[in-house]
Amino acid sequence: MIKGFIFDLDGVITDTAALHYVAWKKLADEMGWAFDHDVNDKLRGISRTDSIKVILDHNSTSLDEHKLEELAAKKNDIYVASLETMTSEDYLPGAKELLTHLRTEGFAVALGSASKNAEKVLNQLNATPYFDVIGDGHSVSNSKPAPDIFLYGAEKLNLQPEECIVFEDAESGIDAAKAGGFYSVGIGPKDRVGHADLRFDTMGDATLFEVKAHFKELFS
């Protein structure tokens with residue numbers, strides 16, 4: 001039976017994608033690298049360091065590890081400064097309602113995000129009370145598509161993977177959920193998250209009623 005839910009952050013609870021894009025674009029412009037929305041889409045769900053490697057590959061260039069970490073930190077500083085503009089109005093439509101329903105019905109809830117700024121984002125949203133466990137970029141070594149962050153969340157909730165549903169908007173996130181033995185709900189287009197057990201175009205469509213209807217044999 002389903003007892004817990006694990007949520008990715010960016011693109012599921014809130015949309016910081018625009019803020020990430022601006023930060024990466026600023027860094028890329030300073031470095032003289034080509035960067036656009038197509039490249040940015042490839043960064044969805046992966047760590048900061050891995051993101052720089054994607055940008056470097058796109059530009060057919062490379063850097064030593066020290067410079068890589070230095071630039072990752074610089075991008076993060078730009079991004080974190082922009083987070084100050086976030087408020088409790090910045091949930092994606094439907095996300096706060098779903099979290100509220102899960103609280104009301106007594107489900108365990110964890111965050112499973114690659115972001116090392118997850119706690120800051122949750123604080124800006126006033127979302128921390130909705131989560132029993134916060135798994136972020138500091139919690140595990142291997143980022144998605146490795147299942148480690150979701151396994152971490154399930155373990156801290158004292159649940160087995162098959163007792164949890166993961167919400168993800170990234171292909172690598174759905175891959176991670178599947179690798180870990182979790183049920184999965186994809187948020188976004190079919191070509192990105194169509195391999196999830198259940199898919200919705202938006203969080204607004206992903207109501208608890210719809211999720212329960214699909215996985216009805218897993219809810220008492």
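Modeller: The account below begins with the sheet and then turns to its surroundings. The model is a predicted one, in which local features need pLDDT of at least 70, side-chain atom pairs count only at pLDDT 80 or more, and totals for chains, interfaces and linings use all residues. Residues are numbered from 1 along each chain as its sequence is written, and side-chain values use heavy atoms, with hydrogens and water left out.

The open sheet is formed by 6 strands in the order β3-β2-β1-β4-β5-β6, with parallel pairing. Strands here are DSSP runs of E with at least two residues, helices are runs of H or I with at least four, and both are numbered from the N terminus. Two strands pair if DSSP finds at least two bridges between them. The edges are held by β3 and β6 (198-200), each with a single partner strand, so one side of each has no neighbour in the sheet. From one strand to the next, the twist averages 20°. Contact means heavy atoms within 4.5 Å; axes are lines fitted to C-alpha atoms, for helices over the stretch in contact, and angles run from 0 to 180 degrees between N-to-C directions.

The largest nonpolar core has 38 residues, of which Phe5, Phe7, Ile13, Phe131, Ile165, Phe167 and Met203 touch the most other members. Such a core is a set of buried Ala, Val, Leu, Ile, Met, Phe, Trp, Tyr and Cys residues joined through side-chain atoms within 4.5 Å. Buried means under 20% relative accessible area, exposed over 50%, and partly exposed in between (1.4 Å probe, protein chains only). Setting aside neighbours within four places in sequence, the contacts of Phe167 include Phe5, Phe7, Leu98, Val185, Ile187 and Met203.

Ser113 lies in the loop between β2 and α6 and counts as buried, at 2% relative accessibility. Not counting residues up to four places away in sequence, Ser113 touches Asp8, Leu9, Ala118, Gly135, Asp136, Gly137, Lys144 and Ile149. Lys144 is joined to Pro145 by a cis peptide bond, with omega near 20°, and Pro145 lies in the loop between β3 (133-135) and α7 (148-156). Asn126, in the loop between α6 (118-125) and β3, has phi near 60°, a positive value in a residue other than glycine; at 54% relative accessibility, Asn126 counts as exposed.

In the loop between α3 and α4, Ser60 has a positive phi near 50°.
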